[in-house]
Amino acid sequence: MSDPAEAVEMQAALLRLRRATGLPVVFGGLLHDTQRLRIAQVSGAQTRALHGLGINTGHGLGGKSIALSRPCAVVDYHEARHISHEYDAPVSTEGLRSVLAVPVVVRRKVRGVLYGAIRRPVPLGDRTFDAAVASARDVEQALVVRDQAQELLTLVREPVAGPGAWEEVREAHGELRALAPRITDPALRETLLSVCGRLAAAGAEPPPDVRPVTLAPRELDVLSCVAAGSTNAATAERLGLRPETVKGYLRSAMRKLGAHTRLEAVVAARRAGLLP
């Protein structure tokens, strides 16, 4: 079954698509398995005909888009000859004529489909297609980030053992810190940050002579990347910041930690229990 938080990403993308194109009806959903999609989000509909509709791979316009992993469109759904017509009844009930379907593809696997439609048999222009593809890319990126976060959470929840295992945990900590600001689901973001805190606390206990230090979230994000060996440019790309902004956060963190170099800052942060 699809994750409810993933459905929120789909709904947001559909609303952006409707605003960008002026399409009166947009709808879509995520695949429950490799062969079947269920339409769970609908905006602009006048009936309930599309809600909960199950789409099988290869069937109808959306099923064709899933099978081919590419956008598909028809000018007049009912007269189209290159699609099957299992879903004519709900499409007719809603009065849809010109329809497009764009797949959401993550790691070469279709995870969902976005639809846009109007109630007249007219061609949909390039602007509409471009907006639909951009909306699908937004969902893809959100799902990629969620997948990465879940994979990292699985990694760090496993027992740490063997040579070099702690370095893997430190690398995972840095990646989790970088991913957290990009997560739109508040519960998952809070989980990531909580795990980061536990990873940092799992290191050596701060010596009694080390004064407590508090770093701002972004200062800690930057320092986590630095600890993983990232340059300022790489850190900026990873966190979606400007290089100058990264330098500012790093300088601030170094000042708070009483460090004069990047390495001293990392060491001091680890001694203070801020990094694993």
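Contact means heavy atoms within 4.5 Å. Keep that cut-off in mind for this predicted model.

Which residues of helix 10 are buried? Helix 10 spans residues 262–271, and its buried residues are Ala 265, Val 266, Ala 268 and Ala 269. They cover an arc of only 165 degrees around the axis, so they sit on the same side of helix 10. After helix 10 comes Gly 273. The phi of Gly 273 is positive, near 75 degrees.

## Helix 7 meets helix 10

Two packed helices are described by the angle between their axes and the distance between the axes. The axes of helix 7 and helix 10 come within 10 Å. They cross at roughly 110 degrees. Angles of 65 to 115 degrees count as roughly perpendicular, and helix 7 and helix 10 are therefore roughly perpendicular to each other.

Which residues make this contact? Helix 7 supplies Leu 223, Val 226 and Ala 227. Helix 10 supplies Arg 262, Ala 265, Val 266, Ala 269 and Arg 270. Sorted by class, the contact of helix 7 with helix 10 has 6 nonpolar residues, 2 charged residues and no polar ones.

An open sheet is formed by 5 strands, in the order 3-1-7-6-5. The pairing is antiparallel. Strand 3 (41–43) and strand 5 (72–74) are the edge strands, and each pairs on one side only. From one strand to the next, the twist averages 10 degrees.

## Strand 1 and its partners

Strand 1 covers residues 25–30. Strand 1 pairs with strand 3 over 3 bridges, in the antiparallel sense. Here Val 26 stands opposite Ser 43, and Gly 28 stands opposite Gln 41. Strand 1 also pairs with strand 7, again in the antiparallel sense, over 6 bridges. In that pairing, Leu 30 stands opposite Gly 112.

How many residues of strand 1 are buried? The count is 6 of its 6 residues. Val 25, Phe 27 and Gly 29 point one way from strand 1. Val 26, Gly 28 and Leu 30 point the other way. Both sets are buried.

## Helix 2 across the strands

Helix 2 (residues 60–68) lies across strand 5, strand 6 (98–106) and strand 7 (109–118). Helix 2 runs at about 35 degrees to strand 6.

Look at Ser 65, which belongs to helix 2. Is Ser 65 buried or exposed? Ser 65 has a relative accessible area of 0%, so it is buried. Leaving out residues up to four places away in sequence, Ser 65 touches Arg 70, Pro 71, Cys 72, Ala 101, Val 102 and Pro 103.

Most residues other than glycine have a negative phi. Arg 107 has a positive phi of about 55 degrees, although it is not a glycine. Arg 108 has a positive phi too, near 65 degrees.

Where do these residues lie? Arg 107 is in the loop between strand 6 and strand 7. Arg 108 is in the loop between strand 6 and strand 7 as well. The cut-off for exposed is over 50% relative accessible area. Arg 107 has 53% relative accessibility, so it counts as exposed. Arg 108 has 82%, so it counts as exposed too.

How values were computed:
Residues are numbered from 1 along each chain as its sequence is written. This is a predicted model: local features need pLDDT of at least 70, side-chain atom pairs count only at pLDDT 80 or more; totals for chains, interfaces and linings use all residues. Side-chain values use heavy atoms; hydrogens and water are left out. Two strands pair if DSSP finds at least two bridges between them. Helices (H or I, at least four residues) and strands (E, at least two) are DSSP runs, numbered from the N terminus. Axes are lines fitted to C-alpha atoms, for helices over the stretch in contact, and angles run from 0 to 180 degrees between N-to-C directions. Buried means under 20% relative accessible area, exposed over 50%, partly exposed in between (1.4 Å probe, protein chains only). The arc is that of the directions from the helix axis to the C-beta atoms. Angles under 35 degrees count as roughly parallel, over 145 as roughly antiparallel, 65 to 115 as roughly perpendicular and the rest as oblique. Ala, Val, Leu, Ile, Met, Phe, Trp, Tyr, Cys and Pro count as nonpolar, Asp, Glu, Lys and Arg as charged, and the others, Gly among them, as polar.
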